[in-house]
Amino acid sequence: MASWTGVKASIAAFCAVFISANTAIPAQAGPSPWMQTGSATSQPIGHYEFCQKHRGECGARSKTTVAPRVTDRGWAVIRQVNAQVNREITPVTDQQVFGRDEVWSYPGATGDCEDFALEKRRRLMKRGFSASQLLMTVVRKPDGEGHAVLTVRTAQGDFILDNLENRVRLWTQTPYHYLKRQASYNSGRWVTIDNSGEIVVGSVGN
């Protein structure tokens, strides 16, 4: 059993990253800082195959879907992880590495957009963030190409970690059209993002 000192240290570390979600948040003008999700939808085929290999990553059921307010220290961790992964991994396509599309995996020295996002998710979970906060998300770029990013749900809004951008930005400040993302209540399920339109990546049924 962990010592009381160890438990207190863990609690202190958690509190340094998060504070109560009930803390007042200043009113924001313009589009909502939080994505509005809709009904359950198909899981990308690449994520389905990833879940078959990493079952522990894809069945977590959250007891609460309330996103906590992130502290200054927590934001520093988020920015650090985003920049580190972008710097350490060389972007290559799945076709170049595997000879086919839609292979989602933890990257080594190289990886596709979804691999960047998976690695950021893994590192942030090791730093105290929960699976319900870190959601793989499928978007369409302005040129119409499909793309994957990581959404970080917070009481301040939904923020995007992107391998094409070292800045961590609110989702409404990105150039993307948002299609669907992991459900906050179950990391093996996916939900639509309202007004998402056409899905452009391969999928499998629920």
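Glu57 is partly exposed, with a relative accessible area of 25%; the term covers the range between buried (under 20%) and exposed (over 50%), computed with a 1.4 Å probe on protein chains only. The structure is a predicted model, in which local features need pLDDT of at least 70 and side-chain atom pairs count only at pLDDT 80 or more, while totals for chains, interfaces and linings use all residues. Residues are numbered from 1 along each chain as its sequence is written, and side-chain values use heavy atoms, with hydrogens and water left out.

Arg121 forms a salt bridge with Glu57, and their closest N and O atoms are 3.3 Å apart. Arg121 lies in helix H5 (residues 113-126) and Glu57 in the loop between H2 and strand E4 (69-70), so the pair ties together parts that are 64 residues apart in sequence. A salt bridge here is a side-chain nitrogen of Lys or Arg within 4 Å of a carboxyl oxygen of Asp or Glu; helices (H or I, at least four residues) and strands (E, at least two) are DSSP runs numbered from the N terminus.

## Other salt bridges

The structure holds nine salt bridges. One of them joins the side chains of Glu49 and Arg100, at 3.7 Å from N to O. Glu49 belongs to helix H2 (residues 45-53) and Arg100 to the loop between helix H4 (94-98) and strand E6 (110-111), so this pair ties together parts that are 51 residues apart in sequence. Glu49 is partly exposed at 29% relative accessible area, and Arg100 is partly exposed at 41%.

Arg122 counts as partly exposed at 28% relative accessibility, whereas Glu119 counts as buried at 6%. Salt bridges link Glu88, Glu119, Arg122 and Arg123 in a network.

## The surroundings of Thr154

Thr154 is placed in strand E8 (residues 146-154) and is buried, with a relative accessible area of 1%. Its side chain reaches the backbone nitrogen of Gln156 at 3.0 Å. A polar atom of the Thr154 side chain also lies 2.8 Å from the backbone oxygen of Gly157.

Leaving aside neighbours within four places in sequence, Thr154 is in contact (heavy atoms within 4.5 Å) with Trp34, Ala67, Pro68, Val70, Trp75 and Phe159.

## The largest cavity

The count comes to one cavity of 30 Å³ or more. A cavity is a set of points, on a 1 Å grid over the protein atoms alone, where a 1.4 Å probe fits but cannot get out, and lining residues have an atom within 4 Å of a point. About 30 Å³ of space lies in the largest cavity, a volume being the space filled by probe spheres set on grid points joined across faces, edges and corners.

The largest cavity is lined by Ile160, Asp162, Glu165, Arg167, Arg169, Thr174 and Tyr176. Strand E9 (157-162) and strand E10 (165-170) are the elements that give two or more residues to this lining. E10 gives the most, with three residues.

Terms used: Polar contact = N/O pair within 3.5 Å; in protein donor to acceptor, adjacent residues only side chain to side chain. 1 Å grid on protein atoms, 1.4 Å probe; cavity = no way out; pocket = protein on both sides within 12 Å on 5 of 7 lines; lining within 4 Å.
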